[in-house]
Amino acid sequence: MKVFISADIEGVTTTTTFDECGEGNALYPIHAKQMTEEVLAAISGAISAGATQVVVKDAHATGLNIDPTRMPSGVTLLRNWSKHPYLMADGVDKSFDAAMFVGYHSSAGRTGNPMAHTVSDMRLLKINGVIASEFLLYSYACALEGVPTVFLSGDKMLCDDFKDLHPCLVTCPVKDGVGAMTVNYSTEDTLKSIKELSEKSMRQDLKSALVKLPDHFEAELHLNKHEQAEKASWFPGVSRVSDRVVTYSSDSFFEILRTTSWIS
């Protein structure tokens, strides 16, 4: 079996602020190490369930956060960005049997994580009226390739919000959030849970795990600045509906991803 893993950092067990998620912050090495450890736990679970190939996309900021020297035999690490519209799922294709998402966080507009956001320049993104997360965007990208998403770890609100997004999704909350505070679970406990639950997710009937995507997509994007909406309004198919809000639609989710990546 071949498994794709996309990893972010704002949803790993230890992080609380954006500052500590970037190079130059004194605490960043601690969190980059935890990101690496959580990915390794998911890899271990996948291999225990029979995976023979694993590809990991480092999907945070520079794409240079995971320690490449820690990757086990049979694991390929994708670092930095090609600029493909799949972005955080860049590298997935029809050859994979399943996808996992590690270290993901709540959507922009939600409250379960002090770092809740969706991509970079958005205050809010709705897809067919639902507040969308990066997990929704890029697990749907996997579905475009016929790859089922079976595992998600991150903050509790994200796991609760999207536990029913995919037919066989196994979720693993690793922290919670209240206002600007995080409730960080024991790293020993969360690494154990990630390993056990990622293995469980891979031992399901993967043939029934693929989500059926909607036939049509309506996107509503709330931007941080009105000048961003002005610029976005000139992109083909995009309409400006208020000072900071643009909309676009398509029967193809790839076109939604392509438009979103260009605007943001």
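A hairpin joins strand β11 to strand β12 through two residues. Helices (H or I, at least four residues) and strands (E, at least two) are DSSP runs, numbered from the N terminus. Strand β11 covers residues 239-242 and strand β12 residues 245-250, and the two pair in the antiparallel sense over three bridges; two strands pair if DSSP finds at least two bridges between them. The bridge partner of R240 in β12 is V246.

The model is a predicted one, in which local features need pLDDT of at least 70 and side-chain atom pairs count only at pLDDT 80 or more, while totals for chains, interfaces and linings use all residues. Residues are numbered from 1 along each chain as its sequence is written, and side-chain values use heavy atoms, with hydrogens and water left out.

The protein chain as a whole contains six helices and 12 strands. For its 264 residues, a compact globule would have a radius of gyration near 18 Å, and the 17 Å of the protein chain agrees with this. That radius is taken over C-alpha atoms, and the globule rule is 2.2 Å times the number of residues to the power 0.38. Along its principal axes, the C-alpha trace spans about 50 × 45 × 30 Å. Of the 264 residues, 52% count as buried, where buried means under 20% relative accessible area, exposed over 50%, and partly exposed in between (1.4 Å probe, protein chains only).

The next subject is the sheet. Strands of a sheet pair through backbone hydrogen bonds, either parallel or antiparallel. Here seven strands form an open sheet with mixed pairing, in the order β3-β2-β1-β4-β7-β8-β9. Strands β3 (75-78) and β9 (181-184) stand at the edges with a single partner strand each, so one side of each is left without a neighbour in the sheet. From one strand to the next, the twist averages 20 degrees. Within this sheet, strand β1 (residues 2-7) and strand β4 (residues 98-104) run parallel and are joined by five bridges; the partner of V3 in β4 is A98.

Helices lie against these strands. Helix α2 (residues 134-144) lies across β1, β4 and β7 (149-155), running at about 165 degrees to β4. Helix α4 (residues 187-202) also packs on the sheet, where it touches β1, β4, β7 and β8 (170-178), and its direction makes about 145 degrees with that of β8. Contact means heavy atoms within 4.5 Å; axes are lines fitted to C-alpha atoms, for helices over the stretch in contact, and angles run from 0 to 180 degrees between N-to-C directions.

Aromatic side chains provide further links. Rings of Phe, Tyr and Trp (its six-membered ring) pair if their centres lie within 6.5 Å; planes under 30 degrees apart count as stacked, over 60 as edge-to-face and the rest as tilted. By this rule the count comes to eight aromatic pairs. The rings of Y86 and F254 have centres 6.0 Å apart and planes at 75 degrees, so this pair is edge-to-face. It links distant parts of the chain, since Y86 is in the loop between β3 and β4 and F254 is in helix α6 (residues 253-263), 168 residues apart. Y86 counts as buried at 6% relative accessibility, whereas F254, at 23%, counts as partly exposed. F217 and F253 form a tilted pair, 5.0 Å centre to centre with 55 degrees between the planes. F217 lies in strand β10 (residues 217-223) and F253 in helix α6, so the pair ties together parts that are 36 residues apart in sequence.
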